[in-house]
Number of protein chains: 2
Amino acid sequence: MIVNLKKKHRSFKGFTKFYSHNSVVTGTEMNFSTYEPDNKIENAIIWLSGLTCNEENFITKAGVQPLLSDTNTMIICPDTSPRGLNLEGEHESYDFGSGAGFYLNATTPGYKDHYKMYDYISVEIVQILKASFNIKKISIMGHSMGGHGALVLSLNEKELFTSVSAFSPIVNPTKCPWGQKAFSGYLENPETEGGRYDATLLVKSGHNRSDTILIDQGLDDEFLEKELLSDNFIQACDKVDQSLKLNFRKDFDHSYYFIASFLPDHINHHLSLLNK
Amino acid sequence: MIVNLKKKHRSFKGFTKFYSHNSVVTGTEMNFSTYEPDNKIENAIIWLSGLTCNEENFITKAGVQPLLSDTNTMIICPDTSPRGLNLEGEHESYDFGSGAGFYLNATTPGYKDHYKMYDYISVEIVQILKASFNIKKISIMGHSMGGHGALVLSLNEKELFTSVSAFSPIVNPTKCPWGQKAFSGYLENPETEGGRYDATLLVKSGHNRSDTILIDQGLDDEFLEKELLSDNFIQACDKVDQSLKLNFRKDFDHSYYFIASFLPDHINHHLSLLNK
């Protein structure tokens, strides 16, 4: 795996870095950012961002650097979709196509050749972490569409990820407008293919984890009722005894100000399991 | 003073807020952001941003919220220039006009009616803090052009500000290209008027402070040699026994990653003097 370092910035006791690489999975150049503490790095957390984001948003806004500065754990933040293509409908809306890869493997014409973000994360980013960064254990987390990605990937690929957490995740995409639009655009048969990419349906159909899934959800989140549907996931986990810690947070919204506020809890959750 | 709250986001134990108001000083609508902890607020720190920034950059990127969340101190981050005008040459370059007010009172035609950022900060923002936020003591800090502003304002208006600090400040603007371009565009007589807005010249001419001036400066800062000229300020302070703590930081650059890394030290510096 050849990764090209494009920029680096000294940050606390480590470096914030920006890389690009030619992705075998997406067939495009892909970008990611990292924070790499000076200590010997053994573990990584994958951060998956939400709609409209790229590899920059989290690493510039969330305040993660001081939380990892003294640890043995790096964070890697991939872009949210392939770039530089011109597929039909790819650049027309904020919630489909560029910036909105939804962490699935597309099967519709055109998209199926590039929009394979599920494999990009679970195969290629994981390989990069192992080959280029010598990482042993990997956890995964994300926000909104990226929270969906973290849940779905960790429920499907249990052994790959040590722990999982999410902020304001889309937990039941087959039942909300964002998910339905994405699945019908990316998947030839959304009804048969969609279950693999829906955290609530995955839990219902027997996918579970032995570790506790940590979720924080703001109660002033404008998308809670229509798009995020947290209660559906709570009920599904409850039915099958999946351990879940879902904190509803009064007054908090869907923004990076919310993420930053509870990021220390999430990082501690992952560090405690990564270093167990 | 009427200030209009435009947006607020719950952040740690407080709110990040965005305001606008009709400025008497600039004759335009001006914007600022704040972080206001839930505790009874008694003190404020004014943050002055650098070239190209507005009221958003610092409050979204620096990670200041957790540092003030449990204190009695808010931070206020004004925009770096008037907006919505169309003066000659105002929007042609990143280092003059919009986004580049340089914290002085302009005297050239057109600019003199609006670009009065020195009075905007030292009179109007101070009045807003006292009238709308019931603030007792005020400290000031900034980055690059804003570091210049913080130094100049605190050296001229000793009694107004309890403490001062700066990241990568332009300490001797009459001797560097950024400052010379700004001063010749904003000031009718840069040679006679410029001294009031040059921290090194101010210290040389007898303006001093009884508290220690705190500065952090990255050694990998691409602007250090040509624009920032830290050594000139060190020498000036040394000659008149102005207490100065200037830390050169190996590997750090001019970015917000640098600011975030040493912001805890700067906030502690201000809090210790504000709460003395």
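Is A:Thr60 buried or exposed? I looked up its relative accessibility, found 14%, and so logged A:Thr60 as buried (under 20% relative accessible area; exposed is over 50%, partly exposed in between, with a 1.4 Å probe and protein chains only).

**Ground rules.** I am working from a predicted model, in which local features need pLDDT of at least 70, side-chain atom pairs count only at pLDDT 80 or more, and totals for chains, interfaces and linings use all residues. Residues are numbered from 1 along each chain as its sequence is written, chains are lettered from A and ligands numbered from 1 in the order in which they are written, and side-chain values use heavy atoms, with hydrogens and water left out.

**A:Thr60.** I placed A:Thr60 in helix α1 of chain A, residues 57-61 (helices are DSSP runs of H or I, at least four residues, and strands runs of E, at least two, numbered from the N terminus). I then checked its side chain for polar contacts (N or O atom pairs within 3.5 Å; within protein, one must be able to donate a hydrogen and the other to accept it, and residues adjacent in sequence count only if both atoms are side-chain atoms). The side chain reaches the backbone oxygen of A:Glu56 at 2.9 Å, and a polar atom of that side chain lies 3.2 Å from the backbone oxygen of A:Asn57. Leaving aside neighbours within four places in sequence, I found A:Thr60 in contact with B:Thr60, B:Lys61 and B:Tyr257 (contact: heavy atoms within 4.5 Å).

**Chain B against chain A.** I noted 21 residues of chain B in contact with 21 residues of chain A. The area buried between them is about 1,600 Å², with 60% from carbon and sulfur atoms (accessible area, 1.4 Å probe, that two parts lose on being put together, summed over both). In chain B, B:Arg10, B:Phe12 and B:Tyr257 lose the most area to chain A, together 42% of what that side buries. I counted 4 residue pairs in polar contact between the chains, both residues at pLDDT 80 or more. On the chain B side, β1 (4-11), β2 (14-22), α1 (57-61) and α10 (256-274) each supply at least two of the residues that touch chain A.

**Cysteines.** I found 0 disulfides over all chains (pairs of cysteine sulfur atoms within 2.5 Å). For A:Cys53, the nearest cysteine sulfur is that of A:Cys77, 11 Å away. A:Cys237 is buried, at 1% relative accessibility.
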